[in-house]
Amino acid sequence: MSKSIVNSRNVTPLHVLGTQVRFLCEAQDTGNAWSLMEVTLPLGSGPPPHKHTWDEAYFVTAGEVQFTLGDEVFTARAGDFVYTPGGFGGVSTEPAHVLIFDAPAHAGAFFKRVDREVEELPRDLPKVLEIGRRTGIDFVAAA
């Protein structure tokens, strides 16, 4: 494995479900073992609850991020670490920032396809759901 130094301001962001995603370390850099992304979450943005087979961990660096785990809804603030299945969104007035670690690296395929193929929500929601199915993400219907 080689050394890598990344300035996030030099990484072109992907635009996914109202967020900006910058991959700081991509799957190909770790032999698909893991990846790390920096996500900016404006108020009300983020993915709907979902499931996948890989692990994700979150470290909130600014603002507040709401997570849903089953029937439990909780808010993580700057400095909080969360290890939980997917389902989160920005809930602070100023955009929240979170580092997301996924292992094994898998999330990049979804984010890159959505950035490339989805133009407008909610019109393109069926396309998001299909991309999710093809990349191993099962979006959970709201109760």
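Start by selecting strands β6 and β7: six bridges join them, and they run antiparallel. Strands here are DSSP runs of E, at least two residues long, numbered from the N terminus, and two strands count as paired if DSSP finds at least two bridges between them. The model is a predicted one, in which local features need pLDDT of at least 70 and side-chain atom pairs count only at pLDDT 80 or more, while totals for chains, interfaces and linings use all residues. Residues are numbered from 1 along each chain as its sequence is written, and side-chain values use heavy atoms, with hydrogens and water left out.

Next, pick Thr68, whose bridge partner in β7 is Val73. Follow the chain to the turn: β6 and β7 make a hairpin with two residues between them, and Gly70 in that turn has a positive phi of about 65°.

Show the three strands together: they form an open sheet in the order β7-β6-β9, with antiparallel pairing. β7 (72–77) and β9 (88–90) are the edge strands, each pairing on one side only.

Finally, select Phe88, which lies in strand β9. Is Phe88 buried or exposed? Phe88 counts as buried because its relative accessibility is 9%, the cut-offs being under 20% for buried and over 50% for exposed, with partly exposed in between (1.4 Å probe, protein chains only). Leaving out residues up to four places away in sequence, Phe88 touches (heavy atoms within 4.5 Å) several residues, among them Leu41, Tyr58, Val65, Phe67 and Ile100.

Terms used:
Helix = DSSP H or I, 4+ residues; strand = E, 2+ residues; numbered from the N terminus.
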